[in-house]
Number of protein chains: 2
Amino acid sequence: MTITIRDVADAAGVSTATVSRALRGLANVDEQTRARVQQVAVDLDYVISPSASRLASGRTGSIGVVTPYIARWFFATVLSGVEGVLQNAGMDLLLMSVSSADGHLRLPPAPRLRRRVDAVLAISLPPDDPQLTEVLALGMPTSLIGTQRAGVPGVTIDDVQAGRMATQHLINLGHTSIGVIGGYQVDALHTAEHDRYRGYVQAMQTANLPVDRNRETYGYFTVTGGEQAMTQLLTHPNRPTAVFVMSDEMAFGAIRAMRAHGLTPGKDISIVGVDNHDLAELLDLSTVAQPVADMGRIAAESLLVQLRTGAANSGLESLQLPTQLIVRGSTAPVA
Amino acid sequence: MTITIRDVADAAGVSTATVSRALRGLANVDEQTRARVQQVAVDLDYVISPSASRLASGRTGSIGVVTPYIARWFFATVLSGVEGVLQNAGMDLLLMSVSSADGHLRLPPAPRLRRRVDAVLAISLPPDDPQLTEVLALGMPTSLIGTQRAGVPGVTIDDVQAGRMATQHLINLGHTSIGVIGGYQVDALHTAEHDRYRGYVQAMQTANLPVDRNRETYGYFTVTGGEQAMTQLLTHPNRPTAVFVMSDEMAFGAIRAMRAHGLTPGKDISIVGVDNHDLAELLDLSTVAQPVADMGRIAAESLLVQLRTGAANSGLESLQLPTQLIVRGSTAPVA
DNA sequence: TTGTAAGCGTTATCAT
DNA sequence: ATGATAACGCTTACAA
């Protein structure tokens with residue numbers, strides 16, 4: 001019923017081995033033969049059975065993308081970059097979310113990944129995350145996006161620099177009382193937010209400005225989280241005149257909080273975010289732009305290279321992409 | 001090296017057949033035996049080979065999600081709903097984007113889907129799209145999200161009603177000169193935008209208001225597209241006093257265009273969108289909310305049912321989820 | 001360059 | 001309830 005390599009072989013008058021070689025573009029196949037086989041395959045509307053191929057070859061031809069979120073801008077944008085590259089390479093993309101945020105108790109990714117993918121792409125998993133550790137223990141090529149871990153290739157931006165740029169921008173505008181809205185806890189090691197915080201501290205200290213932990217809040221990288229964090233800052237005794245927000249989405253929330261308090265971004269308090277979200281321009285938000293889709297593309301390509309090279313986690317170390325400060329109306333000289 | 005069902009069978013002192021039954025929870029297995037087998041499997045850290053299982057059973061245990069976009073809010077949100085359900089059901093999610101928007105000439109989905117998934121979930125593919133037709137010709141269970149096609153189960157909202165609600169809201173506010181920003185071409189049959197347009201026309205005609213095609217523009221469902229469309233409307237001889245925009249993202253662009261012209265949403269021109277995008281509230285945008293993540297969840301669940309029932313496209317017809325008008329500051333009584 | 005044939009690790013049929 | 005064993009459809013040494 002379903003047509004197999006056997007049928008193609010018979011129709012083309014060759015062996016299944018030759019069909020296999022011809023169709024996969026291997027060398028050592030007479031071009032005449034190859035052409036004939038290809039033609040027959042098309043005529044018969046032959047489609048290879050991935051399962052059989054995988055079983056026989058040991059390769060799955062698919063890569064797993066592990067991400068804590070799907071619907072958030074950063075993750076969706078990275079994912080779209082990854083998808084483009086993988087589809088182009090003829091690889092299957094197995095999408096797997098890890099995160100109990102939506103209530104479900106999810107199985108750890110490692111067991112779900114075993115034997116079903118050739119490589120893994122992990123988006124913004126904290127480098128010390130035990131789930132990540134388990135995945136790495138699987139021993140397959142792995143690439144990290146947004147975070148760094150020794151010995152594992154990946155793509156990030158220079159988060160320290162991003163934090164420094166954003167903060168320095170505020171300092172340059174004359175601000176001395178500068179607050180921070182982070183994600184969860186800036187103390188976690190090696191995460192993007194920690195690095196961004198370090199950049200903030202560097203800039204402040206270089207300018208001999210006080211780093212006041214009372215002006216540090218967390219917005220959980222969500223709009224509403226940012227709104228709450230900003231509200232907290234606004235109700236603080238001596239509120240900051242400027243705030244470095246570690247993501248645009250949180251900054252959007254912060255802007256909303258300001259409006260609720262009758263305050264105008266840029267005019268009353270300066271706000272600078274990170275990402276250059278699609279809507280940052282619309283909201284006139286100053287931000288440190290990062291090439292999100294490119295991060296996905298490049299990480300995916302690096303993974304394909306690892307796969308071809310055969311060497312797991314070899315050679316390619318962590319790559320840092322450039323960021324760019326984009327000044328808009330949400331930041332202005334201190335009154 | 002890699003441990004197989006054979007190893008488990010030997011260690012448990014049973015045949016591979018029994019191991020297979022025991023581990024899959026089939027009936028006709030002594031519970032004592034099952035328990036022992038399970039224990040051995042755990043001890044040996046046995047993981048089934050999906051390829052072998054698929055080859056032998058003919059089922060892939062994975063479903064393909066076909067979408068034109070990944071990074072756009074609606075699609076990413078649907079996708080996250082789908083992913084949650086599938087992961088919960090132990091199904092693999094194969095993500096496949098169709099769209100030449102990012103430059104790549106992509107292979108049609110049907111050949112890429114054949115023999116590698118058990119079912120397909122298509123997000124917002126026009127019902128008359130030849131690619132969709134090819135996918136359906138594959139004869140596997142398929143579910144549509146956001147569009148309807150005779151004989152194919154799916155989940156949508158009542159787009160006619162959505163268009164009517166939005167428009168009627170503007171009419172209720174006293175507007176008589178109402179423009180439209182659609183996606184591509186509202187003439188395409190059965191697409192969401194066509195239905196929304198029909199709803200608009202219904203409302204206008206019921207109110208004895210003129211439907212002026214000069215006040216119909218297209219924003220390609222993007223922010224910048226919406227901006228351009230709005231700009232076009234604004235530079236029109238007699239501009240509308242209110243605009244029904246078929247998606248929030250386009251509405252965001254429209255708002256930006258208004259600002260560029262020194263106009264304020266709600267005050268100078270009323271704007272109502274569709275979606276209730278995460279940032280709609282922030283931008284004070286009135287909109288017709290649709291339960292996007294739910295659409296993904298429900299469609300995925302319906303697909304799982306089809307898979308279990310075994311009947312392709314049987315029973316379950318298209319399901320419509322309720323929408324809700326959310327009134328915010330971007331719509332106000334006509335001056 | 002091409003063919004032969006032994007796997008690859010399950011599932012499922014048919015006995016027992 | 002359990003066991004033998006024939007598929008499942010391809011890849012890949014090894015031969016020729």
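1. Helices (H or I, at least four residues) and strands (E, at least two) are DSSP runs, numbered from the N terminus. Chain A has 12 helices and 12 strands. The radius of gyration of chain A is 25 Å, well over the 20 Å that the globule rule gives for 335 residues, so chain A is more spread out than a compact globule. That radius is taken over C-alpha atoms, and the rule is 2.2 Å times the number of residues to the power 0.38.

2. This is a predicted model: local features need pLDDT of at least 70, side-chain atom pairs count only at pLDDT 80 or more, and totals for chains, interfaces and linings use all residues. Residues are numbered from 1 along each chain as its sequence is written, chains are lettered from A and ligands numbered from 1 in written order, and side-chain values use heavy atoms, without hydrogens and water.

3. Look at the box. Along the principal axes, the C-alpha atoms of chain A fill roughly 85 × 35 × 35 Å.

4. Of the 335 residues in chain A, 56% are buried (under 20% relative accessible area, 1.4 Å probe, protein chains only).

5. Now the contacts (heavy atoms within 4.5 Å). Take those in chain A between residues at least 6 apart in sequence: 71% join residues at least 24 apart.

6. How do the two chains relate? A rotation of 180 degrees, with 0.1 Å of shift along its axis, superposes chain A on chain B (RMSD 0.2 Å). That is the relation of a two-fold axis.

Technical notes
Buried < 20%, exposed > 50% of the residue type's maximum accessible area, 1.4 Å probe, protein only. Least-squares fit on C-alpha atoms with pLDDT ≥ 70 in both.
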